[in-house]
Amino acid sequence: MNLVSENGWRTRSTITAFADEHLTVVTELVQTPAQVEPKTWTTVRRKPAVVIAPMTVDGKFVLVRQERIPIREFIWEMPAGQIDESEPNDKQIAATAVRELREETGYAPTANAEITSLGHFFSSPGLTDERAYFFLAHPVELNESTREKENAITDCRAFTTAELRDMIAANEIRDANTLSICARMAARGLLSLHPEK
């Protein structure tokens with residue numbers, strides 16, 4: 001194997017250590033554009049994901065409290081989930097975001113809601129190629145019939161911007177998805193993370 005990407009990265013070999021429907025772990029020998037000698041790197045390959053910030057008509061953000069087995073904690077997060085398609089188009093990505101919103105929270109976009117794409121980010125680029133796409137849904141309304149009774153989600157609540165900001169400051173919100181989408185919304189002027197004076 002000697003695969004060369006458009007931007008000059010060359011994969012000289014790949015060994016798959018593990019694979020299932022959610023992820024693949026590979027160890028590769030990679031020639032980077034900046035290094036003379038190839039590097040051996042182990043990477044977790046994951047399907048792309050979505051993260052959606054649901055905002056109610058009164059400006060509150062809906063979060064879910066989930067049990068996270070790897071860290072042995074329950075934490076508050078924005079709704080998120082993996083995309084089934086490995087190379088999804090924009091329509092499939094947005095549809096997945098709305099599906100995750102409905103299934104995890106029981107909220108759904110209103111008839112006149114806007115689903116705004118906010119770009120994407122890499123959750124941990126030193127470890128995984130996982131890319132997560134951001135969306136803001138506004139306004140959303142509660143429709144309990146769409147919520148799946150998932151064991152991992154123990155609570156769902158709407159928080160004011162001030163509460164959300166305080167939770168971030170107090171380290172109550174500490175997952176990369178939620179912190180990243182909040183930073184993106186703040187950078188675009190869609191959320192103020194400045195304390196009120």
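Start by selecting Glu-100: this residue is buried, at 8% relative accessible area (buried is under 20%, exposed over 50%, partly exposed in between, using a 1.4 Å probe and protein chains only). Glu-100 sits in helix H1, residues 90-105; helices (H or I, at least four residues) and strands (E, at least two) are DSSP runs numbered from the N terminus. Show its contacts (heavy atoms within 4.5 Å) and, leaving out residues up to four places away in sequence, you get Val-50, Pro-79, Ala-80, Gly-81, Gln-82 and Thr-105.

A word on what's loaded: this is a predicted model, where local features need pLDDT of at least 70, side-chain atom pairs count only at pLDDT 80 or more, and totals for chains, interfaces and linings use all residues. Residues are numbered from 1 along each chain as its sequence is written, and side-chain values use heavy atoms, with hydrogens and water left out.

Next, the aromatics: the whole structure has 2 aromatic pairs. Rings of Phe, Tyr and Trp (its six-membered ring) pair if their centres lie within 6.5 Å; planes under 30 degrees apart are stacked, over 60 edge-to-face, the rest tilted. Pick Trp-76 and Phe-159, an edge-to-face pair with centres 5.0 Å apart and planes at 80°. Trp-76 is in strand E7 and Phe-159 in strand E11, so the pair ties together parts 83 residues apart in sequence. Then pick Phe-121 and Phe-134, stacked with centres 5.0 Å apart and planes at 15°; both are buried.

Last, which cysteine sulfur is closest to that of Cys-156? It's the one in Cys-182, 15 Å away and too far for a bond; a disulfide needs sulfurs within 2.5 Å.
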